Every structure is written in structure tokens, then in C-alpha cells.
Amino acid sequence: MAAAFSLASTFSHFSPPSRPPNRTPTSFFLPKSISLQNFTDPSSHLRYPICSLLPHNKNHTQISATTHTKLPTPSNPFASIWESLLIFSTSALLSFSLFLTDVEPAVAFVVTTPRKLQTDELATVRLFQENTPSVVYITNLAARQDAFTLDVLEVPQGSGSGFVWDKDGHVVTNYHVIRGASDLRVTLADQTTFDAKVVGFDQDKDVAVLSIDAPKDKLRPIPVGISADLLVGQKVFAIGNPFGLDHTLTTGVISGLRREISSAATGRPIQDVIQTDAAINPGNSGGPLLDSSGNLIGINTAIYSPSGASSGVGFSIPVDTVSGIVDQLVRFGKVTRPILGIKFAPDQSVEQLGVSGVLVLDAPANGPAGKAGLRPTKRDAYGRLILGDIITSVDGKKVMNGSDLYRILDQCKVGDKVTVEVLRGDHMEKIPVILEPKPDES
């Protein structure tokens, strides 16, 4: 508006007959974004931009609202009069309109160009935004007694991640995240916190299911995919809470398939584990591993690292294994898994004997192996060690070590009758055994 008033005040004293020679051209600029129309038709007597003032010759003043381009001088001697009247009325009209109109500063007319992202970046951002509401933060609280006041306090002893499984409030995580907890708290993506109770857990596969009493509109179940058709090199995404930093996204690829790790609680092997180079740190345990479509393909559970931090080798339990376990835990509160009912020696001890197989150390009489007649290791009256049976195969499948035995039993069901081949002394024997569930699961 200041520029408009300058135009009006400048030409209010303008007299057409007075044309001072050799006057330096001057340009005035409007700090407003005003669209001007330039009529360049030769047949038109207005051959100049509106609000642009041009004298009869090149030495007179030039005033341009948008550009500094000099236009041809009109040849009509009466054009200066009409030009002056046109300029004066246009300036007055412009000044009056700007005075009455609430126009924002020129900065308001500048539109900031949105940040340009590549297609893969947009896909990653969208995946994180869509799946973050399904990921939760789990706090493990343990009861501790104060040494001076003898008061019992709840002290956080660990934390981890998890994800919403269904609208009924079931949350899936690792067993080692909740192990030893007296109380558990689950924090959703909107920072609301709920007390959680344990529905059930499977120590052998390091899977646990919690339950929270949260409104259904706050629960967004994670989409469940499949892990049977995964490929090495496939892009994956891990969401979790490393070191207590909530909802952190890391990316990587599948580095390997069909890996095997041992359960931290029981030492029982977990087969078909996914290996990934996506950064997995303490606190990521129990969080989801997603494919590029945002579907769950595994639970982040362990890393291989001498320092305890991410070293580019992380492991996730495949979702095909997790789904069957979670279904049993939700329905029955436990996983019914068959056992042979024995305790066996470390693999290194059997290797020192120069044989391969599983050496039976103990076979309780009320267990499946004891009922079938498998012999444990014992000492005679003179204190000499008498080796028990060495299991070499089950149902024709060769057993080289304890992992092989567990792998075979994982493919069986409670009540199945299997044929166990053992090395007893210097001869082989085949013994039928009926598999039973664990005593604490019956």
C-alpha cells in the first residue's frame, strides 16, 4: 500500500506540458503479488502494461509494477494527456482498494515447495505411519524390598517391545521380556498406559502373550503375513523401542534363512529363524519384523554381538511358528508340546566317547521314556560309571545331538507313538515310546 500511495502522490503534481529533459529513469516496485495484463496488440491504443507509466520519449520516467522492460513511445501528442489521466485514476483506484482490502504481507503469497521424497522413501514413511500404532512399549516391574524401611517397591528391571495381536487386547512379545516380572505395564502409541496380565508363554520358543483392558478403538492389530516364502535379500523393517527410545524404525534386508538359535530360557533350539542386518538393540526384543508391504513376518528376539549392541546380525522368530503358538496360548493358556521325558548329557561329552547321538542321563520312571524302558546313566556298587542308552534315531530320523532330537519332537504331537533306536552296550535296540506333554502342562 505504501507503493501505491507513492504512485498517487508522485503524479498528483504531474503536468503533461512540463517535460524536463535528461531526467534519469526511475523504477518503482510494488511489494504485492499483483497480476498485470500486457496488451501488445498493435491495433490497440493501450500498448503498455496497466499501472506502467511511460513518457513520450526515452528520457522520461519509467514506472513498472512488475518488470523493467521499456516499451515503445506513443506517437500521438494527445496520448500523454490520456495517459496521465489513466495513470492518475489507476493509482487512485489501486490505493483506495488496497486501503480497504486486508492484504497480507508479500511473504504470504510465497508458497513453499513441499519436500520431495523418492518413491521408496514415501513407501517407508507410509509403512512406519501405518504400523506404529500397532507397536507397544512393555515395562517389566519387579518387587524389591527396601533394606532400611523393609517396604516393598516396584522397580523397573527391564523393558521391551511388543505388538497388538487382536481387538481383544492380546499383545505378543518375547518371553525373556516378561521373565521374572511381578507386574507388567503396556504403553500404546498414544502414550496411554495399561496394566497387563500374562495369558501364557512358551519358554522353548521365547514367545509370550499378554492381555490389556484397553478400549477397542485404541487397539490396532498388526497385519499378519507369512514367512514360508521369504527370500534372502528381501527388504525388511524393524520397529521397536531400543534403549527406551519409543517407536524407532530400522531397515535392512534378510541376510539368511533357516537359521537356528537356542532359547534363552530352556536352551531348546528354535528352527527356521530369520537372520537380518536391520539394527536390533536391547529394547527391540518382542517388536515386529515387517516386509515391504507392512505385514508381520517375525518377532525380533536376539542378536549376535560381543558388545551387546547391534552388530548387523539379528534374529527373528518366523511368524509361521509364532502364529501357531499364539493361537494355543490364547485358547488354552499353554502350549502342548510333546516330550520324551529324559535328561541328556551335553553334546561334548558324547563326542569324547567317540560316538554320535544323545546319551540318556536320567529317565524318570513316571515319564514316557521310563515307562518304555530306556536306561539312564548310573554308577555301580564300586562307583564305576555305567553309561545309559545312547539315542541314535527316532522314527528312522538320525539323531546326532540334542538339537536333532528337539527338531524331531517338534514335528510330533502329544500321544504319538515313536520308535526310538538306542545303542545299549555294544548292540542296537528299538524301543516304542508314547509321547506325553510336560508334567506342568498336563
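User: Which strands make up the closed barrel, and how do they pair?
Analyst: The closed barrel has 6 strands in the order 7-8-9-12-11-10, with antiparallel pairing. From one strand to the next the twist averages 45 degrees. Strands (E, at least two residues) and helices (H or I, at least four) are DSSP runs, numbered from the N terminus. Two strands pair if DSSP finds at least two bridges between them. Angles run from 0 to 180 degrees between N-to-C directions, with axes as lines fitted to C-alpha atoms, for helices over the stretch in contact.

User: Where does the model come from, and how are residues numbered?
Analyst: This is a predicted model, where local features need pLDDT of at least 70 and side-chain atom pairs count only at pLDDT 80 or more, while totals for chains, interfaces and linings use all residues. Residues are numbered from 1 along each chain as its sequence is written, and side-chain values use heavy atoms, with hydrogens and water left out.

User: How many bridges join strand 10 to strand 11?
Analyst: There are 3 bridges, and the two strands run antiparallel. Pro 288 stands opposite Ile 299 in strand 11.

User: What lies across strand 11 and strand 12?
Analyst: Helix 5 does, at about 50 degrees to strand 12. Its buried residues (under 20% relative accessible area; exposed is over 50%, partly exposed in between; 1.4 Å probe, protein chains only) are Val 319, Val 322, Ser 323, Ile 325, Val 326 and Leu 329. These pack against several strands, including strand 3 and strand 5, where contact means heavy atoms within 4.5 Å.

User: Changing topic. How many salt bridges are there?
Analyst: The count comes to 15, taking a salt bridge as a side-chain nitrogen of Lys or Arg within 4 Å of a carboxyl oxygen of Asp or Glu. In one of them, the side chains of Asp 410 and Lys 205 meet at 3.0 Å, N to O.

User: Where do Asp 410 and Lys 205 lie?
Analyst: Asp 410 is in helix 8 and Lys 205 in the loop between strand 5 and strand 6, so the pair ties together parts that are 205 residues apart in sequence.

User: Is Lys 205 buried or exposed?
Analyst: Lys 205 counts as buried, at 6% relative accessibility, whereas Asp 410 is partly exposed at 25%. Salt bridges that share partners also join Lys 205 and Asp 410 with Asp 202, Asp 204, Arg 268 and Arg 337 into one network.
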